Structure formats: C-alpha cells, structure tokens
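Please look at the sequence and the model before reading on.

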Amino acid sequence: MTVVRKVLIAEVLGGVVLIHLFCIVVGKEAWPFSHYPMYSWMRPQTWEIIELHGIPEDPAKEEFQFPSNAMPYCLRRLQGVERLVRLQDEDPNARQLLGATIGQFKKSYETNRLEKQHDLEPISGVALYIRHFEKRETRYGFEMKEVGLERVIASQ
Amino acid sequence: MIKDFQTRALEWGNRFLYKPASPYPLAVCRIIFFGWLFLWYLGKDLSMVSYQHEAVWNPVLLIRMFGVEEIPERGTLLPLLFLWRGALLTACLGFMTRFSSLLCCVIGAYLISLTHSFWKINHSDGALVIAMGFFALSKAGDVLSIDSLIRRKIGGKPLPVRPDAEYRWPIQFVRVLLMVIFFAAGIAKLRNSGLEWVFSENQHTILWYAKLTREPLVDLNLDFPGIGLLCKGMALFALGIELIAPLALFDRRAAAVIVSSLFLLQTGITVLMRDDFTQFAVLYAFWLPWDRHWPANGVSSRYSAAVPA
C-alpha cells in the first residue's frame, strides 16, 4: 500500500468523522450525515397522533385504520401530513393541500392492492384522524389515556 | 512530551488502520453486508415515494445536490430500484465488486434520500450508504468472489491472499462510523434534554407512546411498582453506553462489552418500541472477531498451496 493511498484513505475517514462532528456541533441534518437526535427530546404530556383510515367502497362497511402492511414502507411516516395539519390555522391553502395529500394515500393503497402487496378491501377514500391522549396519574406512576378521536378531513 | 504523544498517536493510527490483515474477514463482511441489504430491501418498494403529494415535499440536501426539484415519477424510479437491487446482489457475490459497490452507493444515496425528503429523516440507513462508499474504495472482492474466480480461471492471475492493510481499513472505517453515530446520539440527548432525559418520566412516556401507537413485539405492563425506577435505569444505561461508545475503538475487551451492550440496547428498542433497526444491525457484523478464524499471520502458509508459483 503506497503512502499516497494511506494518506488518501485517512483523509476520507477524517472527512466522514469531521462532517459528523459538524452535524453534532451545529445540531443539523445533512443526510447521510446526522447528529442522530432520535428520542433525544422530552416527550410532551399530551399527544396527538395522526392516523389514516380507509373508507370502504361498500358503504355498509365501517372505516378502518390502515394496517402497516397497507402502507408502503416509504409512506409510513406521516410527519409531512402532521405539518399540514398544524399549518391549517395559519395557511388557508393548507386544508386543501391536506385533502390532496391524503388522496395520494388512496392511490398508493389501491396500487399496492392491485399489485397484491396486501389483500384488504377496495376503498373509495381516505380519512385523516387525530387521536388524543392525556397523562393520568396511577398508583405506581402514570398511564396515557385516550381522550378523543377527531376526524379532520376525508378525501374521496 | 507533545512530540512523544504525537508519535504514539500516529503509531496507534497506523496500526489501527493499516496493520496487515487477511482478506477473508473483509470478504465475509462484504457478503453479509450486501446480502443482508439485498434481502432487506427486496420487500421495500422505494419507488412508492412518487405517491407523496408535492405539498409535503421537502428535499434533503443530497437530493438538491442531485438537482432533483420535483418528486420523480414512479416509472423513473422503478428501473433504478431494480438496478440497485441487482447491484446489491452482485456486490454480495463479488461480481465487478468495486463497480457494484459504487452503484449501490450512488443509486442507494439517491433512492433512500428521496424517502427522507418528506419532513422526516430516518436514522437507520445513512450509515449504510456511507459504508457502501467505503466498499467502493476497498478491495473487498479479492477473495470469496466471482471476480477472484474469473481472475483465476480466465486471467490466470494468482489469488491475492497475502495479508495487507487494504483488507483492514474498510472494517475499521465501519467500526469508527458506528461508534461516532452512537456518540452523536448520546450528545444529542444531553444537548436537547440534559440529564432530565434520564432522571424524569421521559423513558416511561416513550414506552407508553410505543405501546399505544406501534404495536410493540412484547406488550409490556407499564404500571407496576418500581416501573419509574426501571425506566430511569434503562435511560441511564442507554445514555451511558452511547457516550462511552468511542472507547470500543481503543480496547478489545471494552469493545466486547460496549458493542454487545449497544446491540442489546437496539434490540430492546426494536422489541419494546417497534422502531426498526434491522437493516442498520448489519453493521454489527463488522465487530465480530473474524480475524480469529482468519489471522493475518496464518494466511500465507494456509493458502500458499493454492497460489500458483
């Protein structure tokens, strides 16, 4: 192994470590480099969890929460949808965009169904719900109790 | 004194990265790494990102660097996905190993970073793409590969089985990468929450969150005497082991304790919180003591009979 190659390799490793250190110091993401902040923030005392429910084509059937296998791997995280829900109060367009966004989930659900990725029933639309939880004291500590389910919007 | 320290540090660095090693541990890591990722991503249709709506499009830096301004069509992504899966397989088998690894790195960087471009970045795959880049620079296909078979059968060249620094540094790179990641995670907890992250009800709350939203593999009762203390103990263990993770690079016995603890920690997270680290877990393979089976000083004599004179 030549000295030049050794130096080059050391510089590559140094570069990778330095970029990570930079991300750590400034607390920013530069994927694939990161400061790895997962689980690092304190959890709030109340939660609002976003859920997508399928509206069956058959009106006699009840809406159902999407099981994880009905959601493509790369669409399972709903942070983008969550952001639009929060923006609704400030941005009048946000609600319209929210409806269009969850409409895309219907398309992906149906594509996956036709490609036999899941065998759930056909749907005519998707409804967006927020499930609310609150912290309640118990004998040994606390529990998180569901306090409500709110329907936000539905796409057809 | 400073000069002495510098000399010793350089000597340590030289040994750490460039001490000659057998080619077999690196080849085994290559097979496990790419084989695992091939199987893992086989069932994941990353082209489905094109179903996201542009309202939630928030491209990461790398995607902007690729010059992508809109969500790509599925028809564009599908061929790339198949090409990528093919490259993962050929890199695993050691066919055109460097080129396959390079393809894995570049296409993987593009496809995976697309999935992070919707206001949520996952942290279980960035290191994998970086490791693919390390493989693209390495000589991981010198043995246990189709390339070596082709070289032997067609090219008539001898098998390169001599111990060399080239077979050591890629494994050390991945080890450093893994430890930097855990150290960063520890620092992030201290930075964002301080010691309250350990000494509050936070860990208990995290477990409740997982229980109610993610269907954990083990459905724990979270309301029993001592649960608060147990959760604080778990949080202390997690933070402590993350902060001392880099020590694993300096001592073999420390490495055994730290790396197994980190593996235990991530397994616990997967079981109790259903946060999927299974593709990331392949990086632990680089910490297994492969060199005990293939010591550098035993390679030449062991395989010399197979090497044409």
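Is Met96(B) buried, partly exposed or exposed? Met96(B) has a relative accessible area of 41%, and it counts as partly exposed because buried means under 20% and exposed means over 50%. These values come from a predicted model.

**Met96(B) and the nonpolar patch**

Met96(B) lies in the loop between helix 4 and helix 5 of chain B. Its phi is near 45 degrees, a positive value in a residue other than glycine. Met96(B) is also one of the residues of a nonpolar patch on the surface.

**The interface of chain B and chain A**

The size of an interface is often given as the accessible area lost when the parts come together. For chain B and chain A, the buried area is about 6,300 Å², and 68% of it is on carbon and sulfur atoms. Tyr18(B), Tyr51(B) and His123(B) supply 11% of the area that chain B buries against chain A, more than any other three residues. The contact takes in 76 residues of chain B and 61 residues of chain A.

Polar groups also meet across this interface. There are 23 residue pairs in polar contact, with both residues at pLDDT 80 or more. Three salt bridges are found between chain B and chain A. A salt bridge joins the side chains of Arg5(A) and Glu166(B), with 2.4 Å from N to O.

On the side of chain B that touches chain A, several helices give two or more residues, among them helix 1 (2–18), helix 6 (126–137), helix 10 (202–213) and helix 12 (252–273). Helix 8 (169–193) is also one of these elements. The largest share of this side, 14 residues, comes from helix 8 of chain B.

**Thr111(A), a residue in touch with chain B**

Which residues does Thr111(A) touch, not counting those up to four places away in sequence? They are Met48(B), Tyr51(B) and Arg74(B). Tyr51(B) was named above as one of the three residues that supply 11% of the area chain B buries against chain A. Thr111(A) itself lies in helix 3 of chain A, which covers residues 92–114. Its side chain reaches the backbone oxygen of Lys107(A) at 2.8 Å. With a relative accessibility of 15%, Thr111(A) counts as buried, because the limit for buried is under 20%.

**Backbone features in a loop of chain A**

The loop between helix 1 (3–26) and strand 1 (46–56) of chain A holds Pro32(A). The peptide bond from Trp31(A) to Pro32(A) is cis, with omega near 10 degrees. Tyr36(A) is found in the loop between helix 1 and strand 1 of chain A as well. Tyr36(A) has a positive phi of about 50 degrees although it is not a glycine. Tyr36(A) is buried, with a relative accessible area of 1%.

| Residue | Relative accessible area | Class |
|---|---|---|
| Tyr36(A) | 1% | buried |
| Thr111(A) | 15% | buried |
| Met96(B) | 41% | partly exposed |

Technical notes:
Residues are numbered from 1 along each chain as its sequence is written. Chains are lettered from A and ligands numbered from 1 in the order in which they are written. This is a predicted model: local features need pLDDT of at least 70, side-chain atom pairs count only at pLDDT 80 or more; totals for chains, interfaces and linings use all residues. Side-chain values use heavy atoms; hydrogens and water are left out. Patches are made of residues with over 30% relative accessible area and no salt bridge: like charges are joined within 9 Å, nonpolar side chains (Val, Leu, Ile, Met, Phe, Trp, Tyr) within 5 Å. Accessible areas come from the Shrake-Rupley method with a 1.4 Å probe; for residues, only the protein chains shown count as cover. A salt bridge is a side-chain nitrogen of Lys or Arg within 4 Å of a carboxyl oxygen of Asp or Glu. Contact means heavy atoms within 4.5 Å. Buried area is the accessible area (1.4 Å probe) that two parts lose on being put together, summed over both. A polar contact is a pair of N or O atoms within 3.5 Å; within protein, one must be able to donate a hydrogen and the other to accept it, and residues adjacent in sequence count only if both atoms are side-chain atoms. Helices (H or I, at least four residues) and strands (E, at least two) are DSSP runs, numbered from the N terminus. Buried means under 20% relative accessible area, exposed over 50%, partly exposed in between (1.4 Å probe, protein chains only).
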